[in-house]
Amino acid sequence: MPDASVVLAAEGVAVRFPRAARDAVRDVTLTLHVGERLALVGPSGSGKTTLALALLGAIPTLVPAERRGEVRWTGLGDRRLAAGTGIAAAVLQDTDAQLVALTVEDEIAFALENRGLAAAEIDARIEAALARPPGAGFHRRDRTLTLSGGGRQRLALTAALAEAPRALVIDEPVAHLDGEAASEAVAAVEATCRAGTAAILVEHRIDHILHLADRILVLGPEGAPVAFGETEATLRSIAGIDGALGLRLPPSLLVSTALAKAGLDERDPHALAVALAALGFGRPKPTIRDTPLLTIEGAKVRRGGRTVLDGIDLTIREGEVVGLAGRNGAGKTTLALLAVGGLRAAVGTVRRSSQDAPVYVPQNPALAFATGSLQTEAMRRGLSWTEAAAAIEGCGLPADPDRHPLAFSHGERRRIAIALALAAPRPRLVVLDEPASGLDGYGLAALEDDIEALRARGSAVLVVAHDLDWLARVADRIAVMKGGRILADGHSLDILREIVAGRLPLKPPPGAVLAARLGWTFA
Amino acid sequence: MKSLDPLTKLAVAFVYIGFATLNERSLELAVLAILVTAMLLVVERMPLRSFALALLPFAFFAVTSSWIYAVAPSNVYGWTGWQVALAVGLRTIVVGLVSMLFAYTTEPADLGRALVHRALLPRRFVFGALAAVQFLPALAEEARMARMIARAALPAGTSRGRQALAGFNPALGIILLAGAIRRAGTAALAMELRGLTAAASPSDWRVPRPTRRDLAFAIVAIAVLPAIVFLA
């Protein structure tokens with residue numbers, strides 16, 4: 001007799017794309033029970049999204065790929081699409097492209113209309129979805145086109161929750177959200193699951209889903225499961241492996257593993273030093289030369305008749321790394337574009353000390369390229385092909401001079417854009433917009449090395465990021481933005497202290513909170 | 001007009017466009033243009049700037065499609081070249097204004113539902129088109145961002161003229177196009193994952209239905225046309 005608590009049973013699932021030499025995913029066997037939350041993690045390219053699509057039935061029904069093994073949703077036959085039927089609801093990685101309607105209510109209603117629900121039922125579900133997070137704060141007639149990236153992600157999640165499915169499959173639910181919004185989104189999923197909905201969560205930022213996921217399935221770089229079990233125990237076993245299989249482990253786990261390795265507990269007087277080392281805080285930073293490479297004074301930027309930046313004062317010196325933090329829509333990208341000269345200030349001045357063009361790696365790395373091949377990209381940046389090829393190969397990617405930059409994946413494009421920036425004769429000002437977004441542990445470590453290399457060469461670096469623990473590790477100073485203004489600008493650790501103390505309007509990051517609990521004074 | 005049935009409005013708009021297309025009298029076209037402009041600016045309170053921006057492509061098309069008659073006159077009805085050019089230009093403007101009035105007063109989702117439930121168009125076609133509407137501003141924003149990035153890559157001291165032209169190159173067009181294709185693929189997948197082609201017959205949630213008010217609107221709107229012919 002079938003187990004009534006099982007929502008999904010998958011056995012020996014493997015997926016191979018047309019013309020691929022190997023399976024993208026293989027040997028996946030799992031069951032999902034009512035109300036259970038399963039995290040799907042792994043390094044970039046390990047097949048997490050592919051597996052999610054195969055479980056949803058999108059592979060092979062919508063995406064042309066061969067699927068082997070069995071996927072059985074209770075109440076639905078194999079090789080049928082589970083999504084959109086009330087059995088499963090999906091939130092894709094690219095929520096920007098996922099929204100299909102022009103107003104919030106139409107977006108929420110879309111799947112419900114497709115299922116043929118009664119009009120009164122649809123209205124009731126819209127009302128309910130907008131009355132609680134993550135939908136609270138939206139109005140029925142709000143235009144989806146005016147929402148920020150974070151807002152669009154929240155709406156996609158709201159619409160999926162309104163479907164009241166038996167299972168949610170969410171690909172990177174908090175990737176573009178600031179700390180506060182990410183917590184709200186996670187809380188909303190948790191509340192839904194408490195009511196019996198099961199969930200499969202694909203996510204790089206494990207700290208956000210650590211307490212949400214009951215079990216975790218870790219895919220290795222070859223697409224096969226390398227670990228599967230209860231979340232904390234599984235992650236603890238991975239934490240002991242060098243490189244942690246490319247996972248971005250939560251701070252609590254990094255610290256507890258380091259303490260266990262050192263044979264200490266939290267009360268030990270040496271525990272703090274071990275914890276700080278594990279978290280990467282407090283590393284001595286090199287001396288910064290006192291030569292400003294970027295000076296912004298009293299800058300104001302207007303767009304579409306609206307002031308989007310106001311009273312901006314910011315200086316970045318030679319060899320200095322400055323972090324830019326703030327909630328979604330605070331004006332960080334606008335300030336980054338002002339710094340590199342993409343935007344002009346209506347009032348105030350922006351001075352760059354060098355005649356050379358600054359380097360800007362945008363949030364969407366495709367936009368960092370303006371030509372049709374790697375070789376012409378190298379030429380555009382004043383690099384010989386030998387120099388460019390060395391840089392590209394240095395980040396583990398093939399250096400084919402005729403290859404179009406868009407022939408690489410999203411993450412690979414970002415790595416190439418940064419590598420080419422680093423290879424420039426002497427990039428004086430480098431601005432990285434959300435460079436850590438969507439990176440696995442390996443990518444993050446490589447990025448940190450790149451930033452250190454830029455610092456060592458005397459570049460001034462501005463880094464926009466949501467992950468405040470990471471930002472405090474790599475930046476000498478952090479500027480916190482809100483509503484187009486800089487609220488605070490100071491030494492990274494001072495800013496972190498203010499955030500943890502609740503004196504700045506950002507959600508305290510878990511690593512800093514943990515360190516503070518262990519007695520760190522952010523000195 | 002925003003609360004009127006979209007299909008009734010669409011039918012009236014087609015009648016007006018047909019009237020303008022078949023009409024060669026400049027005075028009648030001018031009266032119609034003034035009338036529709038008044039509807040947009042006075043009754044519907046469309047901001048003047050938005051009105052001007054929306055009219056710009058139609059005005060451009062009106063000028064470029066009619067100047068040939070002015071400079072190379074043909075003997076149509078014995079008119080001068082300028083008379084023909086004026087009629088052709090006004091015809092384009094009226095078609096543009098009527099389209100603007102319809103678009104400004106119609107919620108695309110309402111039109112979509114009406115087309116699916118009453119005109120029996122396939123959902124996949126209608127909602128695919130609505131999703132594509134979302135792409136345009138996103139594509140424009142990406143193009144704007146690409147231009148800003150290209151401007152930033154210029155060395156200091158670059159002339160304002162070169163700065164203004166930064167980003168207008170074919171390679172960037174390809175990059176934007178590739179982004180749009182990727183986005184279209186994701187949107188199509190997302191819609192299918194939300195049951196766009198599910199077997200169930202779709203809900204009748206918010207399907208606009210014509211009322212007596214719509215009938216009155218259609219009668220009055222169509223009666224305006226012979227009135228213009230008579231008075232002009």
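Me: Before we look at any residue, what counts as a helix here?

Reply: A helix is a DSSP run of H or I with at least four residues, numbered from the N terminus. In this predicted model, Gly128(B) is found in such a run, helix α6 (residues 123–152) of chain B.

Me: How should I read helix α4 of chain B, and why is it described as largely enclosed?

Reply: Span and burial can be read one after the other. Helix α4 (residues 81–104) of chain B has 24 residues and reaches 34 Å from its first C-alpha to its last, close to the 34 Å expected at 1.5 Å a residue. Because 17 of its 24 residues are buried, α4(B) is largely enclosed by the rest of the structure.

Me: Which residues have the most contacts inside the largest nonpolar core?

Reply: That core has 195 residues, and those with the most contacts inside it are Leu56(A), Ala167(A) and Val463(A). Its largest share, eight residues, comes from helix α15 (residues 410–423) of chain A. A second, separate core of 23 residues includes Phe19(B), Leu86(B), Leu90(B) and Val98(B).

Me: Where in chain B is confidence lowest?

Reply: Confidence there is lowest in helix α7 (residues 160–165), at a mean pLDDT of 72, and highest in helix α1 (residues 6–22), at 96.

How values were computed. Residues numbered from 1 in each chain as written. Chains lettered and ligands numbered in written order. Predicted model: local features only at pLDDT ≥ 70, side-chain atom pairs only at ≥ 80, totals over all residues. pLDDT = per-residue confidence, 0-100. Helix = DSSP H or I, 4+ residues; strand = E, 2+ residues; numbered from the N terminus. Expected span 1.5 Å × (residues − 1). Buried ≥ 20, exposed ≤ 12 C-beta atoms within 10 Å, placed from the backbone. Core = buried A, V, L, I, M, F, W, Y, C linked by C-beta atoms within 7 Å.
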